[in-house]
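Hi there,

Here is the structure I promised to pass on to you. Have a look at it first, and then read on for what turned up in it.

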Amino acid sequence: MITTIKNNSLVDFEHELSLILNSNSNEVEKAKKIIIFIEDILKQLTDWLKHHVFETIQEEIKFFKEIKPNIVAKLIFYKEILSLVASLPLDKSKRIKHFEKKLDAINHFYRKNREFIKYIKSHSTHFDELYFTRKKYKDIFLNDCSVIIHDAKLCTSHDYLLAEVIAFELLVLHIENRIDNLNQSCAINNNQFKSNLHWTEKKVDLVELIYALHEAKVFDNGQVDIKEITHVFEKAFQIELEDNIYGNFNAIKKRKTDQTRFLSHLQKLLETKIENDLN
């Protein structure tokens, strides 16, 4: 791993993170890889902090207020993503409630910590030495006692709380986007989606495409039934498929040669188009 610590910051952390995010893995696999990556970074950070001496109070505050919380926040965020996906209901109508329940929990967190959040949002600094330096516990007045389980060399009274604030801001945006996407999908199911497009090729060709997309898990990380995808395509392209989609797929499987005939045809057409455009 290239990551090193320099000037109280993690060099190449964002670069390594972007490589994972730009990979071809699905959302779940990316989250798992990022969690493993950040946990390894935090192990390095732990070893470094045990022996490092900050030259000034300002350096220590910068590290525990700006650098470490942003790293930990990403760990919290991606663990929350995994948890949300793992407990996601199959019924689409229940998914919105699932996400809204998490938003309620985050709102409770905001209410509980509103004074600290106000401090951060207003870019205040008068309590920075109290919140973001490693003081002896007897010198810190806290609302709870959770800090006593941590090593005083590795954390301050509020750096993890700040990480949670940052992570939950990201999570709220993520959840709101998921809810918007679900609402748009529900609009299609409620016949609010209007399309003038008509599928003019064979039904079996569309079935081949639908099954390929389903197997690629391109919709909702694969947490969707083939019938649901079929219904969307029916509405989009003015065609009825559901009654014979399984029969058509059985016909595809029984082909003696070129079972993915339509997909192969699409691939050749696109490759020809790209080649012609480049010449």
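Predicted model: local features only at pLDDT ≥ 70, side-chain atom pairs only at ≥ 80, totals over all residues.

Gln238 sits in the loop that links H9 and H10. The phi of Gln238 is positive, at about 55 degrees, although the residue is not a glycine. Most residues other than glycine have a negative phi. Is Gln238 buried, exposed or something in between? With a relative accessibility of 41%, Gln238 counts as partly exposed.

How do H8 and H10 pack against each other? Helix H8 (residues 203–215) and helix H10 (residues 245–253) have axes 9 Å apart and meet at an angle of about 85 degrees. An angle from 65 to 115 degrees counts as roughly perpendicular, and H8 and H10 are therefore roughly perpendicular to each other. By class, 8 nonpolar, 1 polar and 2 charged residues take part in the contact of H8 with H10. On the H8 side they include Val204, Val207 and Ile210, and on the H10 side Phe249 and Ile252 are among them.

Elsewhere, Lys50 belongs to helix H2 (residues 27–51).

Now for the whole protein. There are 11 helices and 2 strands, and along the sequence the two kinds follow the pattern β-β-α-α-α-α-α-α-α-α-α-α-α. Of the 279 residues, 40% are buried. Among contacts with a separation of 6 or more, 68% are between residues 24 or more positions apart. The accessible surface is about 17600 Å², and carbon and sulfur atoms account for 53% of that.

Finally, a word on confidence. The mean pLDDT of the protein is 82, and 85% of the residues score at least 70. Helix H5 (residues 114–121) has the highest confidence, at 95, while strand S1 (residues 4–6) has the lowest, at a mean of 51. Over residues 137–149 the pLDDT is below 50, and this stretch has 14 contacts in the model beyond near neighbours in sequence.

Enjoy exploring!

How values were computed. Residues numbered from 1 in each chain as written. Heavy atoms only, no water. Helix = DSSP H or I, 4+ residues; strand = E, 2+ residues; numbered from the N terminus. Buried < 20%, exposed > 50% of the residue type's maximum accessible area, 1.4 Å probe, protein only. Contact = heavy atoms within 4.5 Å. Areas by Shrake-Rupley, 256 points an atom, 1.4 Å probe, with all protein chains shown as cover. Axes fitted to C-alpha atoms, helices over the stretch in contact; angles between N-to-C directions. Parallel < 35°, antiparallel > 145°, perpendicular 65-115°, else oblique. Nonpolar A, V, L, I, M, F, W, Y, C, P; charged D, E, K, R; others polar. pLDDT = per-residue confidence, 0-100.
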